[in-house]
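This briefing is intended to be read alongside the sequence and the coordinates. Please keep both in view while working through the points.

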Amino acid sequence: MDFNFTSEQERLRKSARDFLKTECPSSFVLEMEADKTGYSPELWRKMQELDWMALIIPEQYDGVGGEFLDLMIMLEEMGRACTPGPFFSTIVLGGLSIMDWGNESQKKRFLPGIANGEIKITLADSEPETTRYSPYPISTVVTVQDTGYTINGTKLFVQDAEVADYMLVSTRTFDSGSIRDGISLFIVDAKSPGISLTPLQTIGGDKQYEVVFDEVKVLEADILGGVYDGGRQLDSILQKATVCKCAEMVGGGQMVLEMATEYAKERKQFGKPIGAYQAIQHHCANMLIDVESSRFITYKTAWMVSQNLPCVKQVAITKAWVSDRYKNVAGLGHQVQGAAAYIIEHAMPLYSRRASASAVAFGDSNYCRQVVASELGI
Amino acid sequence: MDFGYTKAEEEYKERLCRFLDEELTEEIARQNWEDLGVGPEAREFSYRLVAEGFLGMSWPKEYGGKGLSPVFDYILLDELGKKWGAHVPLDVGYTMVGPTILRRGSDEMKKEFIPRIIEGEIEFCLGYTEPNAGSDLASMEMQAVDGGDSYIINGQKTFNTECHYSEYHWLAARTSDFSPDVPQHKGISLFIVDMDSPGITIRPLWTMSGERTNEVFYDNVAVPKNRLVGEENKGFYYMMEAIGSERNQVFVPQRLSPILQDMINYVKETEYNGKALSEDPLIRDKIAQIAVELEVAGVLCDHSRWLEFNGLPMSYQPEITKVFTSELEQRMVDIAMQILGPYSQLTEESKWAPLRGRISWYYLHSFMTTIGAGTSEVGRNVIAQRGLGLPRSN
């Protein structure tokens, strides 16, 4: 048993933290929320120069060949800074998916471009009928024609669709009676005729879209891995994405804890720092318990994922816990910092808004607990 | 980063599990858990653990241990705990007293006590709390004065569990008078006292869940000077330096896993309106939440144990394990009571009692967990002050 990262990984964390502290203050994040694309090509280029996009791409595809845990560190730091832009969608939803499931020609076609920051990808999965989260109710259909395939349907909550060059799209290729079967994933050129985007306004301030596919043409070569195995692919893709989302939440929770603790030490009322009162101390202690428990369960699960151990239950446990705890930490962060933190320019609302967005991404805690229950055999 | 066991640890675990499956019964587990005394079956079980080489894995070779990593002893605690919440049969000596003797006791004291602890022969009871010294332990009043070859001890302890069957009292008493110039905690020493010393009177206190704890009265009890642990007036430091390790060994989340397993079985086997309770989404949600929190408690506990066995500084981390695990027990049992509905009130002796009456017993027991060994409130003060550097409130 070892809870330590390697010294190289610690250096990675430090350089990411230092970089984001300078390049991504909360004022910049708020500015990007107001921006149409929500992304700064300049910041993207700087991140690319630091090899962030290349981090986990294998060396033979022009990447650095890092491991999954390296990515966790990076995402934890990006969560800490609420870093805007399509990193998560491109690297986690696009890059990892192609690394794990793409065939050789797809890897050659996409991975070097992802590594050098030229290609941005996202995942289009959820649909309007998913009024409660589930990855499988897909009615976006693919029909086979002489020249290839045609996609029709509507996707929701698609991250960064406006800046994405490609979208990984889940489609129903046949109706087998089981909703998890008969799904295929296509890598679709986001600029294809027939694709239209409508931005969704969210409390998280991140960039999400409705994406409508109207007679969008794709080829057989665009099927992920060249196999009709979307259900299994989606399970694995979402499993990793879920753990990655937890890493982001851990970083955000840590930042809220630090802000609130700092404030509790400095803010004086009734002649004492408010942090000397037990009511405030207990709020802060609860935040620390929430953040540390979220961090260690996330690391353990990430380690299990990196070892290819079976982890359906573990991932659901982790997301259920971290989603709920990040929201709790945000609530306590507001309570400790009082009225000042209710003002829109304050950094605190950024985190409480992001906590709400993250809580429902890739399955909220209610969904996850139902998965846990099934895994317990009940 | 690595969350697995080594091959040797894995092998120890498998061998131990096979042994426990055959040898450990619910009756033995409960003798210790309910503090009713280490009965003949539990003594016999502890000798079997010794004979099979399961005890003393991480203890020094010179006193009869095997000199291996503490991970082995944690595996022992976890695997025992998975079976009806069992402890090491002789619990206080093995998990709390022994490590402090090793750290602070004289060579003579180590030779006298450590081998007998590892061999499951002797048990200790803690003698800390007094009627006027609970959360504010340093204000204890029991007096130990110099009587030549021995200390003469007078005063009263309370809530000293296991005293009525232990061989030794691990006693904290004041060796220097209260003085405005000296902080209270600098006048306390630790002693090992034979429980059959003349002048000791033990009176039972029965708890709401039927466990026995005790009041202990000292009336001119003579304790030989070689039974002073370490140096005079350093006792409170020894107690505090041991507290992290104690929490790591006493608050074992795995001891709660049998409740979860009982509840899983219950909801699968019990019907309402012609359907298994396990089909009710609300019940599924509640049981899943227990499983989530149990897994989280496990990783928190693993983290503070990992700090300990790597010799890294522990401050607030074992306190998190303590607060989290004790409060989890209350949340778990409360959920179990809700699921059992009207049957939840039935006690073990009653007709119709579900799950052998364990849940109603645990419910009554669970009021203690956030009080015993330090309240959750004091725990959170420690977490805030040591973990986050918030100022002391007084």
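The model is predicted. In it, 35 residues of chain B are in contact with 38 residues of chain A. The largest nonpolar core has 156 residues, and residues of both chains, including A:Met167 and B:Ile287, are among those with the most contacts inside it.

**Chain B overall**

- Chain B contains 12 helices and 10 strands.
- Its radius of gyration is 22 Å, close to the 21 Å given by the globule rule for 394 residues, so chain B is as compact as a globular protein of that length.
- The C-alpha trace of chain B spans about 75 × 45 × 45 Å along its principal axes.
- Of the 394 residues in chain B, 46% are buried.
- Among contacts in chain B with a separation of 6 or more, 69% join residues 24 or more positions apart.

- On the side of chain B that touches chain A, two or more residues each come from helix 8 (257–269), helix 9 (281–309), helix 10 (317–340) and helix 12 (376–388) of chain B.
- Helix 9 of chain B gives the most to this side, with 15 residues.
- By class, this side of chain B consists of 22 nonpolar, six polar and seven charged residues.

**Nonpolar cores**

- In soluble globular proteins, nonpolar side chains tend to be buried together.
- In the largest core, of 156 residues, those with the most contacts inside it are A:Met167, A:Leu168, A:Val188, A:Cys284, A:Val372 and B:Ile287.
- Helix 7 (residues 230–266) of chain A supplies the largest share of this core, 15 residues.
- Another core, of 65 residues, lies apart from the largest one, and B:Leu55, B:Leu80, B:Ile153 and B:Leu228 are among its residues.
- Beyond residues up to four places away in sequence, A:Val372 touches A:Lys313, A:Ala316, A:Ile317 and A:Ala320 in chain A, together with B:Ala288, B:Ala291 and B:Val292 in chain B.

**A helix pair in chain A**

- Two packed helices are described by the angle between their axes and the distance between the axes.
- The axes of helix 4 (residues 68–81) and helix 8 (residues 278–306) of chain A come within 9 Å and cross at roughly 150°.
- The crossing of helix 4 of chain A with helix 8 of chain A is right-handed.
- From helix 4 of chain A, A:Phe68, A:Leu69 and A:Met72 meet A:Ala302, A:Trp303, A:Val305 and A:Ser306 of helix 8 of chain A.
- The residues of this contact comprise six nonpolar, one polar and no charged.

**Two strand residues**

- A:Val188 lies in strand 5 (residues 183–189) of chain A.
- A:Val188 counts as buried because 24 C-beta neighbours lie inside 10 Å, the cut-off for a buried residue being 20 or more.
- Not counting residues up to four places away in sequence, A:Val188 touches A:Ile151, A:Tyr166, A:Met167, A:Val169, A:Val216, A:Val218 and A:Asp222.
- A:Val188 and A:Ala320 are 132 residues apart in sequence and 32 Å apart in space, C-alpha to C-alpha.
- B:Ala276 belongs to strand 10 (residues 275–276) of chain B.
- B:Ala276 has 14 other C-beta atoms within 10 Å and is therefore partly exposed.
- Leaving aside neighbours within four places in sequence, B:Ala276 is in contact with B:Val267, B:Lys268 and B:Glu271.
- B:Ala276 and B:Tyr266, 10 residues apart in sequence, are separated by 9.4 Å from C-alpha to C-alpha.

Note on methods:
Residues numbered from 1 in each chain as written. Chains lettered and ligands numbered in written order. Predicted model: local features only at pLDDT ≥ 70, side-chain atom pairs only at ≥ 80, totals over all residues. Core = buried A, V, L, I, M, F, W, Y, C linked by C-beta atoms within 7 Å. Buried ≥ 20, exposed ≤ 12 C-beta atoms within 10 Å, placed from the backbone. Helix = DSSP H or I, 4+ residues; strand = E, 2+ residues; numbered from the N terminus. Contact = placed C-beta atoms within 7 Å. Nonpolar A, V, L, I, M, F, W, Y, C, P; charged D, E, K, R; others polar. Axes fitted to C-alpha atoms, helices over the stretch in contact; angles between N-to-C directions. Left-handed = near helix turned anticlockwise from the far one by under 90°. Rg over C-alpha atoms; globule rule 2.2 N^0.38 Å.
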